[in-house]
Amino acid sequence: MSSSAAGAPLLAAQSLSLVRGGRELFCELSVEVHGGQLWQIEGSNGAGKTSLMRILCGLSRYGFEGEVLRSVTPLYLGHQPAVKALLSPRENLQWHVSGEGLYSNEQIDTALARVGLCGYEDVPSHTLSAGQHRRVNLARLFLSEARLWLLDEPFTAIDKQGVDETQALLASHVDGGGAVVMTSHQPLQVTCNVHTLNLVHGVVS
Amino acid sequence: MWTFFHKLGSPPWLYAIAGAILRWLVPITLVALVGGMVWGLLLTSPDFRQGNSYRIIYIHVPAAVVALAGYYVMAIAGAISLIWRMKMADVVMKAAAPVGAALTFIALLTGAIWGKPTWGTWWVWDARITSMLILLFLYLGVVALYEAFDNKEAAGKACAVLSLVGMVNIPIIYKSVDWWYSLHQPASIKFSGESTIDPSMLYPLLLMIAAFYALFTCCLLMNMRAELLQRESRTQWVKKIAGKEGRR
Amino acid sequence: MSAPHTGQFCALLLRRQLLLAMRRPIEMGNPLLFFTMVIVLFPLGLGPAPDKLAIFAPGVLWITALLSNLLTSDAVFRSDFDDGSLEQLVLAPQPLFLSALAYILAHWLTTGLLLALVSPIFALMLNLPVSALGTLIVSLLLGTAVLSLLGGIGAALTVGLKRGGVLISLLILPLYLPVLIFGTAAVQAAVTGTPSGPYLAILGAMLSLAIALAPLAIAAGLRISIDA
Amino acid sequence: MYFDSFQALLTMNGHGIYVWPAYLITIVVIIAVLVAPVRRRNRLLEQLAAELRRTESAAVSGVRGQQ
């Protein structure tokens with residue numbers, strides 16, 4: 001169920017090159033992400049993984065060569081959790097600045113319960129820990145209807161159980177015809193096939 | 001036409017053509033500047049009202065005119081850089097800002113010096129001088145914003161937005177200040193209208209305006225060349241030039 | 001569950017920003033406190049003679065309003081930039097310039113509007129004639145909205161910079177001038193008993209122009225700052 | 001020439017103290033804006049040339065080291 005995915009790609013990057021501070025981070029990188037695929041971007045620290053993610057999701061619009069085509073609006077989770085300390089987790093998700101969707105209370109309750117924040121729905125977020133902030137952010141994955149997920153280090157500050165649950169979620173998203181592009185230092189333990197994109201060597205088959 | 005446009009986007013070509021233009025433009029500029037100054041200082045007769053102090057007009061007015069035009073050059077380059085993503089437009093913008101600021105400074109300073117014998121005071125909150133002061137702030141804002149960004153590409157885009165905002169605002173600022181001055185204008189200060197200028201005084205003025213435009217172009221091109229070298233310092237064509245000219 | 005359409009999203013953002021401001025009432029009070037303190041400085045510096053104060057009152061009130069607006073404009077996008085919300089906002093499918101307008105409206109409601117409403121107290125302390133109070137409020141309502149929009153441009157351009165605080169004043173103070181000129185002129189006209197309508201009309205025209213153009217510049221600035 | 005003597009040219013009926021400094025400052029500023037880019041360019045080129053020499057010599061010594 002890997003490269004057989006038919007139709008137009010959800011995300012296509014054509015010969016991306018990036019030079020930062022006189023150093024070439026990657027060169028002529030091309031990748032096509034179809035529904036039903038999970039891509040992991042590989043590279044050591046400072047290799048340009050985050051830069052590539054920002055180019056793929058559209059936050060970086062110049063300073064690189066090449067072209068990125070997105071056929072759907074992706075959901076992007078960056079390094080910052082985008083959780084307002086003054087708002088409760090429920091308010092954070094309900095009025096999320098990403099403009100994704102309007103969710104009912106039940107949906108939010110379920111999503112927060114899935115990330116282990118049951119009972120924290122209506123406390124101010126500044127009483128939560130950094131890891132819990134990241135979990136609030138991950139709850140967006142349970143709510144989202146976006147087909148393409150771009151996740152930059154989604155497992156940072158998440159405990160073992162949370163990582164397992166998130167990986168299961170990624171697998172079910174991919175099985176449902178969605179696509180995931182993510183960076184992570186840990187090897188993924190998921191039931192689906194993992195495609196690897198290496199910043200130096202390109203697509204690894 | 002399109003090949004010309006494409007060539008404009010090519011740094012080595014731009015560097016070479018700017019060098020070729022400068023080779024004859026710099027001497028012409030210097031001759032025009034010296035000629036205009038000598039003409040204005042030595043050969044014209046003094047104004048019947050202001051006496052010899054009016055000779056400052058030959059640097060004050062050209063500097064002010066070109067400073068204002070320079071802002072528009074900068075803003076239009078900014079628009080090109082934002083709309084067509086042309087990197088060379090960023091270079092033009094970056095190169096224009098300090099020159100424009102320097103010319104505005106000249107206009108302000110000579111205006112103040114001119115004010116002393118004419119109005120008896122160094123500084124008058126006259127509409128035109130106040131507008132020039134605001135123009136200086138706008139220029140300095142662009143320079144400061146550019147320097148504040150570490151990422152020079154983002155700096156260029158940010159300055160482009162700022163200079164466009166400034167361009168929309170310049171007429172509004174000028175009109176407001178003009179109106180404000182007419183509201184508060186003390187009766188003792190009067191201006192001699194420039195429309196009554198005598199041809200014998202006008203010709204050197206026109207020469208000086210042309211000379212300042214040429215000066216602006218020279219500085220613009222020279223700054224662009226330096227900026228191009230810095231931006232392209234990793235490329236082969238710059239290394240070749242460095243290998244040829246850098247050893248001394 | 002579908003994505004909110006543009007108007008809905010702007011209303012959501014507005015509500016979110018207002019709620020955030022309400023949860024930090026002290027921060028909402030800070031510009032007002034600043035306004036008060038600077039107003040107190042002027043009689044101390046200029047002398048307490050009532051007639052002298054009355055002459056300077058329109059200018060003093062307007063300059064102080066302008067400074068307290070400047071003080072707060074740096075914070076419009078700052079916290080959202082720091083916690084990553086701004087990235088998400090930029091990526092939202094809804095047009096960014098309308099979202100930016102919602103932010104600016106929230107900023108104006110929590111600064112300019114409050115300032116305009118409390119200004120009569122300070123105007124009376126500065127001996128401004130009662131007949132000019134109405135004009136003062138209207139001119140501040142219109143003028144501070146323009147200031148918020150212009151300040152938003154500066155905030156958007158400098159939000160990615162660590163030391164943006166001083167820079168923002170250099171960038172936007174020159175743009176504030178027309179508002180200051182006509183705002184003061186309107187109040188002065190009301191003091192002398194001449195019609196202040198034309199000046200208010202000009203302020204309104206400036207506001208219309210600013211509403212039309214400033215959000216575009218703010219959106220462009222935000223995209224650039226996010227990218228840097 | 002309008003002025004009769006060098007003295008008259010200098011004083012300009014009392015306006016010389018305004019006119020001459022104005023021109024002088026202008027000339028200084030003009031020279032500054034003309035010289036600044038030239039100096040910047042020369043400095044850049046020298047830096048780049050030095051860098052080139054460094055990498056060249058490094059390459060040469062690297063080759064020697066291998067031999």
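The contact between chains B and C takes 23 residues from chain B and 20 residues from chain C, where two residues are in contact if their C-beta atoms, placed from the backbone, lie within 7 Å. On the side of chain B that touches chain C, the elements that give two or more residues are α5 (127-148) and α6 (152-184) of chain B. α6(B) gives the most to that side, with 13 residues. The residues there divide into 18 nonpolar, four polar and one charged; Ala, Val, Leu, Ile, Met, Phe, Trp, Tyr, Cys and Pro count as nonpolar, Asp, Glu, Lys and Arg as charged, and the others, Gly among them, as polar.

This is a predicted model, in which local features need pLDDT of at least 70 and side-chain atom pairs count only at pLDDT 80 or more, while totals for chains, interfaces and linings use all residues. Residues are numbered from 1 along each chain as its sequence is written, and chains are lettered from A and ligands numbered from 1 in the order in which they are written.

- B:Ala148 lies in helix α5 of chain B; helices (H or I, at least four residues) and strands (E, at least two) are DSSP runs, numbered from the N terminus.
- B:Ala148 is buried, because 20 other C-beta atoms lie within 10 Å.
- The cut-offs for burial are 20 or more other C-beta atoms within 10 Å of a residue's own for buried, 12 or fewer for exposed, and anything in between for partly exposed, with C-beta atoms placed from the backbone.
- Leaving aside neighbours within four places in sequence, B:Ala148 is in contact with C:Leu161 and C:Leu167.
- B:Leu205 is 57 residues from B:Ala148 along the chain, and their C-alpha atoms are separated by 39 Å.

- The contact between them takes 39 residues from chain B and 28 residues from chain D.
- On the side of chain B that touches chain D, at least two residues each come from α2 (11-43), α4, α7 (199-231) and α8 (236-245) of chain B.
- α4(B) supplies the largest share of that side, ten residues.
- By class, the side of chain B that touches chain D has 22 nonpolar, eleven polar and six charged residues.
- Chain D does not touch chain A, and the nearest C-alpha atoms of the two are 13 Å apart.
- Chain D does not touch chain C either; here the nearest C-alpha atoms are 23 Å apart.

**Helix α4 of chain B**

- Helix α4 of chain B covers residues 87-119, 33 residues in total, and reaches 47 Å from its first C-alpha to its last.
- That reach is close to the 48 Å expected at 1.5 Å a residue, the expected span being 1.5 Å times one less than the number of residues.
- A kink of about 25° lies at B:Ala96, shortly before the proline B:Pro98; the bend at a residue is the angle between axes fitted to the seven residues ending there and the seven starting there.
- Of the 33 residues of α4(B), 26 are buried, so the helix is largely enclosed by the rest of the structure.

**Chain B as a whole**

- Chain B has eight helices and zero strands.
- Of the 248 residues in chain B, 46% are buried.
- Among contacts in chain B with a separation of 6 or more, 78% join residues 24 or more positions apart.

**Chain A**

- Chain A contains five helices and nine strands, and from the N terminus on its elements run β-β-β-α-β-β-α-α-α-β-α-β-β-β.
- The C-alpha atoms of chain A fill a box of roughly 50 × 40 × 30 Å, taken along the principal axes.
- Buried residues make up 45% of the 205 residues of chain A.
- Of the contacts in chain A between residues at least 6 apart in sequence, 70% join residues at least 24 apart.
- The domain assignment of chain A gives domain 1 (11-74 + 146-204) and domain 2 (89-134), with bounds that come from an automatic or database domain assignment.
- The centres of domain 1 and domain 2 of chain A, taken over C-alpha atoms, are separated by 25 Å.
- The contact between these domains takes five residues from domain 1 of chain A and five residues from domain 2 of chain A.
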